[in-house]
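Please open the model in your viewer and keep the selection panel at hand.

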Amino acid sequence: TKLTFTLDEVDELQFYSQASTEVRVRSCKDLSLKYKLWKRGEAEPYPVTPEPFSRRLEESDENPDLQFTENQMTPDTEYSMQMIVSPLDQTDWEISTPIFYLHPRSGLPPQIKGISSQYPYLSPNGPNEIEVEMEYYDDDFSFVWKVEPDDLNLLSTNLKPILTFQGRTDGSPLRSGNIYTFEVIVSNKYQATTNSVEIEVNIPPFGGSFVLTPSTGVELETTISHSAQDWTDVHLPLRYEVYVLKASGEEILISTSAQDGLEYSSGNSDNNYEITVALYVYDLYEAYTRVTQRIRILPQPTSQLIFVVEDKTNALMDEINDDNSSRSAQAILADVYMLDGSAFASTSGEGDEENRKAVLKQDFFSIVE
């Protein structure tokens with residue numbers, strides 16, 4: 001005779017547990033399978049617990065089961081248990097298991113609603129966010145993310161419901177067309193639930209050009225036109241942003257148009273008066289391509305500079321005070337920056353057009369003062 005025991009998962013929703021035995025004997029006829037069940041720490045019951053924890057074994061009972069219901073076991077209470085096989089008509093022998101322990105659980109298991117990202121595709125340059133959506137949240141939940149391929153440059157710990165990352169660990173962008181699998185394991189002290197999703201890396205805009213003409217000019221005098229043309233992407237519409245790079249490397253937004261004309265401030269004499277202008281082309285899901293061009297902007301003669309600045313200042317003040325000005329706050333702000341790059345107005349923040357112009361007016365008066 002051989003007697004082994006296994007215990008299945010306990011269903012928290014109904015406080016229902018199932019104990020299974022594997023009984024191998026020459027014949028199951030006239031054998032009884034009985035159970036002792038008592039709260040852990042209390043004295044063992046005697047005699048064995050009566051029905052319904054006792055049942056007769058049949059010849060077909062290779063894996064007899066025992067089921068407990070809510071009124072038989074109290075959630076969050078530890079129980080001691082022992083199984084016994086003995087003849088129905090004799091008590092001179094029995095086979096029993098070692099004492100084992102049951103711990104019915106209460107509360108709901110973690111229930112994952114799904115995994116979502118900002119966009120249907122991952123941005124090659126990022127940053128990207130992947131979030132697990134739960135049916136409900138509990139302070140006891142712990143989160144563990146697993147990513148394949150495992151080469152993401154994580155900006156956040158992988159132990160939170162939101163996973164933030166930008167590019168790969170070697171500093172390069174994500175490879176367009178690659179597919180990443182994100183698996184999250186949500187667990188409490190009783191059990192764990194898992195879910196996963198596959199997301200493809202977006203392909204950024206490609207095939208276009210960025211031209212600045214003329215390539216040489218005089219500060220605050222020569223209008224340099226830029227043109228971004230022939231950019232292609234399947235996720236339309238495209239969005240354009242043009243930046244000028246300061247000597248510190250900071251990028252200042254000067255235009256949000258694919259075609260525009262600006263009068264630039266001069267470059268640094270150490271760099272032969274050259275400045276760098278960068279174009280960003282974004283698709284609908286924020287995948288972008290960055291290209292740069294360099295132009296040479298010569299300084300005004302010192303004797304002329306004060307008059308140029310005065311004329312520009314007066315023109316900008318008139319435009320800022322004109323509530324019917326057709327130019328956007330961003331366009332005016334670019335001129336303000338070119339006039340005094342050391343005092344970049346705070347209107348680069350969020351807000352509607354009317355508020356942005358109001359703040360611009362306030363900031364510009366401070367610059368002029």
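Two residues are in contact when they have heavy atoms within 4.5 Å. With that cut-off in mind, and remembering that this is a predicted model, begin by selecting α1 and α2: on the α1 side the residues that meet the partner helix are V309, K312, T313, L316, E319 and I320, and on the α2 side they are I332, D335, V336 and L339.

Next, display the helix axes, which lie 11 Å apart, with α1 and α2 packing at an angle of about 155°. Angles over 145 degrees count as roughly antiparallel, and α1 and α2 are therefore roughly antiparallel to each other. Their crossing is left-handed.

Now turn to the largest nonpolar core, which has 30 residues, and select Y240, I254, Y264, L279 and I295, the members that touch the most others. The elements giving two or more residues to this core include the strands β16 (209-213), β18 (223-229), β19 (239-245) and β20 (251-255), as well as the helices α1 (302-321) and α2 (329-339). The largest share, six residues, comes from α2.

Which residues does Y240 touch, leaving aside those up to four places away in sequence? Centre the view on Y240 and select A228, W231, S255, T256, S257, A258, L279, Y280 and V281, which are its contacts on that count.

To finish, look for another core of 20 residues that lies apart from the largest one, selecting L122, M134, V186 and V201 among its members.

Methods: Residues numbered from 1 in each chain as written. Predicted model: local features only at pLDDT ≥ 70, side-chain atom pairs only at ≥ 80, totals over all residues. Heavy atoms only, no water. Core = buried A, V, L, I, M, F, W, Y, C linked by side-chain atoms within 4.5 Å. Buried < 20%, exposed > 50% of the residue type's maximum accessible area, 1.4 Å probe, protein only. Helix = DSSP H or I, 4+ residues; strand = E, 2+ residues; numbered from the N terminus. Axes fitted to C-alpha atoms, helices over the stretch in contact; angles between N-to-C directions. Parallel < 35°, antiparallel > 145°, perpendicular 65-115°, else oblique. Left-handed = near helix turned anticlockwise from the far one by under 90°.
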